[in-house]
Amino acid sequence: MAAIEIRDLSKSFGPVRAVDGVSFTVEAGTITGYLGPNGAGKTTTLRSLLGLVTADSGSALVNGRRYVELDHPLSEVGAVLEATNFHPGRTAFNHLRVLCTAARLPVARAEDALARVGLADVAGKRVLGFSMGMRQRLALATAMIGDPGVYILDEPANGLDPAGIQWLRGFMRHLAHERGAAVLVSSHVLAEVEQIVDNVVIIAKGRLVRQGSLAELISNGQAPVVRVRTVRSEEFAATLERHGGQVEAADGVLRVRGLDVESIANIALDERVLLTEMTQERGDLQQIFLELTGEEQS
Amino acid sequence: MGLVRAELLKLTTTRLWWVMLLVMLVYVGISLGFLIAFAGDPGPNGQALIPARHTLAFQESLWGVGTGGALFAAVLGVVMMTSEYRYQTITTTLLVTPKRARVVTAKLIATLVVGVALGLAVLALTGLALVVTVLTAGGDLMFTGTVGRVLVSVLAVLALYTLFGLGLGALIRNQVGAIIAVLAWIYILDSLVNAIPALQPLGKWTPGGATAALTNTGVGFGLDTSYLLPAWAGGLVLLAYALLFSALASVTTLRRDIT
């Protein structure tokens with residue numbers, strides 16, 4: 001059973017079809033990036049999953065059940081939705097104390113959670129004076145208060161400074177890879193999550209456009225390309241083609257498909273050709289993302 | 001019970017509740033002071049508008065002054081609901097308790113508790129003022145059936161107005177808008193239709209008219225009270241308003257998409 005299973009989920013707000021037949025799953029121990037431009041339907045999907053929005057059709061299950069059917073939701077799912085979900089006049093500790101009281105968790109959990117996100121020093125301070133980064137940490141503290149096995153994070157990097165983003169990445173890795181949690185993290189900025197996600201689900205205009213591992217996305221359905229530079233490029237291009245490669249030449253650089261780095265190196269050695277550069281081209285992920293989501297690169 | 005405690009904790013971990021309590025006590029205190037100061041003074045037609053301090057009528061009518069706090073009870077009820085939407089804490093609330101009927105029940109109970117607590121506070125203030133006044137005037141503190149009815153009425157009025165505010169808050173959600181609506185309704189609309197004789201047939205069915213009926217001791221401080229419903233009917237009307245607005249709070253909160 002998948003930790004998160006979304007099947008044929010659809011939701012309209014008036015004439016706007018916010019989510020249109022989206023299906024995907026998230027397994028325990030993995031981080032899945034839920035990517036798409038702003039307004040693509042990410043938040044609506046996540047809010048349906050959490051029982052805050054009632055879907056028109058389809059299902060969204062956590063640990064095989066609808067969120068509203070969970071008896072102790074905080075112990076199964078931790079969610080971070082927006083950084084502004086706090087009463088400004090309430091202290092960080094009291095915010096968590098209210099949650100613990102409602103969820104019948106010992107109040108000690110509040111102190112633990114604050115310590116884990118590095119907010120123990122400001123536990124007694126009112127949220128009014130908190131920076132965006134501190135609010136985001138407090139939101140994460142609320143998500144982990146019941147020590148759940150599933151995390152749903154909606155744009156958690158919003159408003160974080162580079163150090164905060166670094167911390168967040170480490171934190172998500174820790175949750176998924178050390179504690180075995182399933183992490184679903186949405187973002188409209190691919191670069192924020194590309195370093196840490198195992199899988200990606202890409203949504204645009206309410207529809208799912210791509211789903212799979214990060215590696216599959218990078219290759220984008222095409223064979224990987226190796227860039228080769230050599231002084232005798234025309235001759236070497238012919239050689240490579242004899243060995244089964246497809247070669248594209250431009251400005252003295254050969255872009256080779258159908259042969260991997262090792263075979264090209266061997267061929268060069270056999271033919272005694274001096275290579276001055278050889279790299280595996282990493283598809284421009286941002287470009288792929290923009291193409292998939294139908295956004296023009298500015 | 002955990003949920004009710006959580007709802008009460010939401011109120012007590014912010015500052016508004018004691019500001020509201022203080023403002024309410026000051027407001028009721030001023031009303032009490034005014035009535036005590038001018039008790040027994042002859043009115044324009046030579047008759048006293050306010051019964052003299054040593055009379056039973058004075059004591060009976062003074063106990064009912066606390067219903068003036070109903071306005072603040074209603075505003076507090078509004079805030080208990082609208083601050084959830086204003087700061088979007090409703091999201092967290094429903095994540096902790098996705099079975100929304102439980103949240104609504106807890107909120108209604110917590111609101112009643114708060115309303116009764118406010119009622120006890122104004123009664124304590126009234127009692128204090130009355131003891132001091134009556135003892136200084138050289139009379140005895142009296143407890144009659146009417147006094148008992150008025151005491152219970154004050155508690156009920158404040159509790160029901162808090163529920164009324166909660167329901168209005170669930171309906172309007174915008175905090176400022178809901179507070180303005182509650183002020184306009186209670187302070188302006190109710191006062192007007194109960195003060196203009198031609199509108200009084202309508203006025204007696206308003207929350208204000210029903211409140212006046214509940215605490216009516218026949219002393220109108222210069223105003224005619226004969227148009228009011230009997231006390232029991234006033235109680236029922238007020239209860240009907242509270243139930244209507246509780247139902248509105250429930251239906252809207254149960255069904256709404258939280259985006």
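Two residues are in contact when they have heavy atoms within 4.5 Å of each other. With that in hand, welcome to this predicted model, in which local features need pLDDT of at least 70, side-chain atom pairs count only at pLDDT 80 or more, and totals for chains, interfaces and linings use all residues. Residues are numbered from 1 along each chain as its sequence is written, chains are lettered from A in the order in which they are written, and side-chain values use heavy atoms, without hydrogens and water.

**Fold of chain B**
- Chain B holds 11 helices and zero strands, where helices are DSSP runs of H or I with at least four residues and strands are runs of E with at least two.
- In chain B, 76% of the contacts with a separation of 6 or more join residues 24 or more positions apart.

- The C-alpha trace spans about 65 × 40 × 30 Å along the principal axes of chain B.
- Of the 259 residues in chain B, 53% are buried, meaning under 20% relative accessible area with a 1.4 Å probe, protein chains only.

**Surface and charge of chain B**
- Chain B exposes about 11,200 Å², with 72% of it supplied by carbon and sulfur atoms; the area comes from the Shrake-Rupley method with a 1.4 Å probe.
- There are 14 positive and 8 negative side chains in chain B, and the centres of the two sets are 17 Å apart; Lys and Arg count as positive, Asp and Glu as negative, while His and the chain ends are not counted.

**Domains of chain A**
- Chain A is assigned domain 1 (4–219) and domain 2 (225–282), with bounds from an automatic or database domain assignment.
- The C-alpha centres of domain 1 and domain 2 of chain A lie 45 Å apart.

Methods
Buried means under 20% relative accessible area, exposed over 50%, partly exposed in between (1.4 Å probe, protein chains only). The place of a charge is taken as NZ of Lys, CZ of Arg, CG of Asp or CD of Glu.
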